Amino acid sequence: MIPLAAIDWHSVFFFLFAALACGCAVAVVAAENVVRMALYLVLSLGATAGLFFLAGAEFVGAMQLMIYVGGTLVLLVFGVMLTAQAPFVSIKTAPGDRVLAGVIGAALLAVLLQSAFSVPEWRKPAAGRDGEPAATPLGMALLGTRVDEASAGAPGGVRSGYLLPFEIVSVHLLVVLVGAAYLARAKRRRTPRAIEVAASMEPPATVAAHAAVGREGSRGGSVLAGGAR
Amino acid sequence: MAEFLINSVGFPEWLAWTVTAVVAAVLILNVIAGGALVFIWAERKIAARIQDRLGPTRTGGRFGWLQSLADGIKLIAKEDLMPEGADGMLFRLAPYVSFCASFCAFIALPFAFDFVGQRLNVGVFFVVAVLGLEVFGVILAGYASASKWSLFGAMREAAQVVSYEVPLGMCVVVPVMLAGSMDLVTIAEKQAGWVTNWYLFHDPFTFVIFWVYVTCAVASVNRAPFDLAEAESELVAGFHTEYSGLRWSYFFMAEYGSMFLVSALAAVLFMGGWNGPIPVARLVGLSEGTGDTANYFVRLLGMANLLGKATLGVLVMMWVRWTLPRLRIDQVMTTCLKYCTPIAAAMFAGAMLWQLMLPGGVAPGLSRPAGEIREGWLEGPGGRSAAARSSAVAGVLP
Amino acid sequence: MQPSLSPLVASLLTEPVGVTHYLVVGAILFTAGVACMAVKRNALGVLMGIELVLNGANVNFVAFASPYLQAEGGKSLGLDGQAIALFVILLAAAEAAVALAITLNFYNNHATVDVDRADDLKG
């Protein structure tokens with residue numbers, strides 16, 4: 001047995017979170033049901049946030065929890081529920097595709113692992129090294145001022161920060177917000193298929209009404225199909 | 001506590017940390033579970049009084065104070081039903097997801113100076129982020145129940161919580177900006193002293209944004225008038241329609257835990273945290289931070305202070321619940337996107353300008369009372385010395 | 001108890017983790033994401049694969065940025081790595097929003113989320 005006093009608890013928690021992250025990532029690939037995939041993805045990304053906390057990147061970890069897990073994935077699950085009609089909850093993949101993906105994935109993993117183990121300095125960390133919390137310097141860097149040790153070697157003692165990328169990302173997010181709202185708006189265009197559907201229905205019903213009925217029906221239908229499963 | 005165990009009792013390091021972690025976890029768990037029992041009883045009594053009834057009177061002798069314990073025993077004994085078409089794993093998992101999220105957020109919440117599960121550099125952010133994860137349990141419950149009502153409740157909750165996180169985040173940022181730190185302990189410590197030091201009374205903008213925060217907090221924990229996810233007049237019981245017994249009670253513990261948490265967060269961010277309106281301890285010459293017994297009692301007093309403020313917040317939520325009618329879903333969204341978000345943004349800008357225009361953030365003619373700790377945050381656990389930092393800043397500014 | 005496994009486990013649990021440990025986690029997440037993108041026919045499943053890939057890359061950035069994980073005298077990326085990880089998270093959020101909107105539009109027009117059926121432009 002290992003003496004308990006010799007255990008590095010940081011490593012123990014690392015392996016806990018790493019196993020959760022990797023296991024759930026593999027489960028995302030293996031799962032057939034799309035809602036379960038979403039659950040495993042949440043667990044995987046949450047465990048990764050734990051890894052970020054362990055690596056001293058508290059702000060990135062909290063950001064991961066807030067934006068990725070709390071925002072993006074809720075959005076994703078929302079999308080899953082809007083489209084979760086019985087035939088789409090679990091779309092089967094052909095066994096050949098699975099084998100092919102397994103082979104390619106294994107090859108890719110081998111390459112990545114080989115490069116991960118290739119640098120000996122990466123494998124032997126210094127024990128008990130302490131880093132300072134980085135939230136305040138990171139915030140100042142995003143506002144354009146670097147106050148961390150990286151600025152020491154730069155000319156003038158100060159390196160420029162990330163003000164411009166920060167602003168670009170802000171505008172980018174705004175544009176994406178508007179664009180996504182425009183793309184996903186409820187109005188339905190007259191595609192050939194929609195016209196065909198409308199023509200096959202009773203004459204007074206408009207296409208828009210059909211769209212509304214179709215959406216309601218899809219939600220109800222998914223529930224009923226879930227009940228029949 | 002870990003240092004105390006290592007130095008005074010002589011525990012090995014790993015055992016000391018384990019014991020500390022277990023004690024902290026059990027204490028937080030008891031705050032949530034015990035708090036839920038008390039709050040459910042209080043809610044029954046308050047609802048009854050508002051509706052001109054008596055509420056529970058028999059159980060436990062007077063006032064029916066054992067009513068929620070009796071309810072708990074009933075819930076444990078109840079049959080645990082699962083609908084036939086339900087997704088078994090997700091159905092079983094969902095209550096625990098909700099409860100864990102609510103529980104995890106308590107880790108970074110300081111109950112008094114140094115009475116905190118884990119002091120985090122990004123405490124505020126962590127609490128708000130983890131609190132947002134509670135919605136996952138609700139969504140999973142809604143989907144896995146294989147019931148229309150549950151699914152509708154879950155969809156409403158998802159839309160509502162994601163929307164309200166935006167103004168909530170903006171409200172939370174204002175005290176962070178005033179304190180210059182995201183550490184909840186630092187933020188509360190900066191409001192030490194008289195009641196005028198609370199960020200609630202810091203400037204007109206923070207006073208307004210506090211009420212925006214209250215609105216958003218009530219909405220983000222799905223309390224009436226924003227309880228669209230469990231609107232019993234239209235959705236039977238919303239996302240927990242199909243739940244019964246102990247699993248159902250987990251949802252309720254999560255809900256009351258979250259209510260308490262957002263109230264405590266409001267207390268820390270805007271109402272001085274564990275600092276009372278009158279700095280009694282400082283007036284009689286005691287100060288927090290040192291280790292002797294008297295100061296320990298000062299901290300206990302501070303904890304009582306914080307718990308009192310948080311409980312007050314929960315009671316206000318109950319008062320609101322039994323007073324206001326429920327909003328429609330489009331009204332909920334309108335409140336968030338057309339009112340709360342613009343007001344929060346404007347108040348944020350206003351508070352920022354207030355800090356920039358008025359030296360030290362103090363209006364002319366007023367002076368800050370003694371006892372406010374404004375200096376030294378840069379030298380604290382936050383990072384390097386102020387001198388190095390300001391010289392670096394001076395290097396880039398013209 | 002387990003003489004063959006014990007030394008390895010002991011060395012893993014008693015030594016501090018380094019950059020390599022994080023890189024292995026990142027590699028597994030990345031590979032899982034790529035496999036997910038390749039295997040899934042549900043458009044939302046493909047989206048989840050993309051999230052996993054971005055997350056795997058983020059693990060690497062954070063690992064190189066962390067001062068805790070470096071060797072003696074090693075130099076970490078410092079704030080640069082963390083800032084890049086932040087931007088990746090933000091852009092992933094933007095990407096997910098647009099991809100979800102496209103998926104919903106596709107679902108509205110074709111009444112399916114199977115990406116194999118998205119072959120309207122095939123000649």
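## Chains, interface and enclosed spaces in a predicted model

In this predicted model, 81 residues of chain C are in contact with 93 residues of chain A, where contact means heavy atoms within 4.5 Å. Between chain C and chain A about 8,000 Å² is buried, and carbon and sulfur atoms give 73% of that area; buried area is the accessible area, taken with a 1.4 Å probe, that two parts lose on being put together, summed over both. On the side of chain C, the residues that lose the most area to chain A are C:Met48, C:Tyr68 and C:Leu79, which together make up 9% of what that side buries.

Some conventions apply throughout: residues are numbered from 1 along each chain as its sequence is written, and chains are lettered from A and ligands numbered from 1 in the order in which they are written. Local features need pLDDT of at least 70, side-chain atom pairs count only at pLDDT 80 or more, and totals for chains, interfaces and linings use all residues, while side-chain values use heavy atoms, with hydrogens and water left out.

Chain C itself has four helices and zero strands, so named from DSSP runs numbered from the N terminus, with helices (H or I) of at least four residues and strands (E) of at least two. Read from the N terminus on, its elements run α-α-α-α. Of the 123 residues in chain C, 59% are buried, a class that means under 20% relative accessible area, as against exposed at over 50% and partly exposed in between, with a 1.4 Å probe and protein chains only. Among the contacts in chain C with a separation of 6 or more, 53% are accounted for by residues 24 or more positions apart. Chain C exposes about 4,700 Å², and 67% of this is supplied by carbon and sulfur atoms; such accessible areas come from the Shrake-Rupley method with a 1.4 Å probe, and for residues only the protein chains shown count as cover.

In chain A, the residue A:Leu163 lies in helix H8, which covers residues 163–183. A:Leu163 counts as partly exposed because its relative accessibility is 38%. Leaving aside neighbours within four places in sequence, A:Leu163 is in contact with A:Ala141, A:Leu142, A:Leu143 and A:Gly144. With A:Ala141, the separation is 22 residues in sequence and 7.4 Å in space, from C-alpha to C-alpha.

Chain B has a secondary structure of 14 helices and two strands, and 51% of its 398 residues are buried. Residues 24 or more positions apart account for 75% of the chain B contacts with a separation of 6 or more. The accessible surface of chain B comes to about 17,600 Å², with 69% of it belonging to carbon and sulfur atoms.

On a 1 Å grid over the protein atoms alone, a cavity is a set of points where a 1.4 Å probe fits but cannot get out, whereas a pocket is an open set with protein on both sides within 12 Å along at least five of seven lines, and lining residues have an atom within 4 Å of a point. Grid points are joined across faces, edges and corners, and a volume is the space filled by probe spheres set on the points. By this rule there are four cavities of 30 Å³ or more, and the largest cavity holds about 130 Å³ of space. It is lined by 16 residues, of which B:Glu134, B:Val138, B:Glu157, B:Val221 and B:Asn222 are the closest to its centre. Helix H6 (134–144), helix H7 (148–179) and H10 of chain B each give two or more residues to this lining, and the largest share, four residues, comes from H10(B).

B:Asn222 counts as buried because its relative accessibility is 6%, and it has a positive phi of about 60° although it is not a glycine. Most residues other than glycine have a negative phi. B:Asp52, in the loop between H2 and H3 of chain B, also is not a glycine and has a positive phi, of about 65°, but B:Asp52 is exposed, since its relative accessible area is 73%.

The second largest pocket contains about 890 Å³ of space. Its lining has 37 residues, with B:Ile40, B:Asp71, B:Leu75, B:Trp248 and B:Phe252 nearest its centre. The elements of chain B that give two or more residues to this pocket are helix H2 (13–50), helix H3 (67–77) and helix H10 (245–270).
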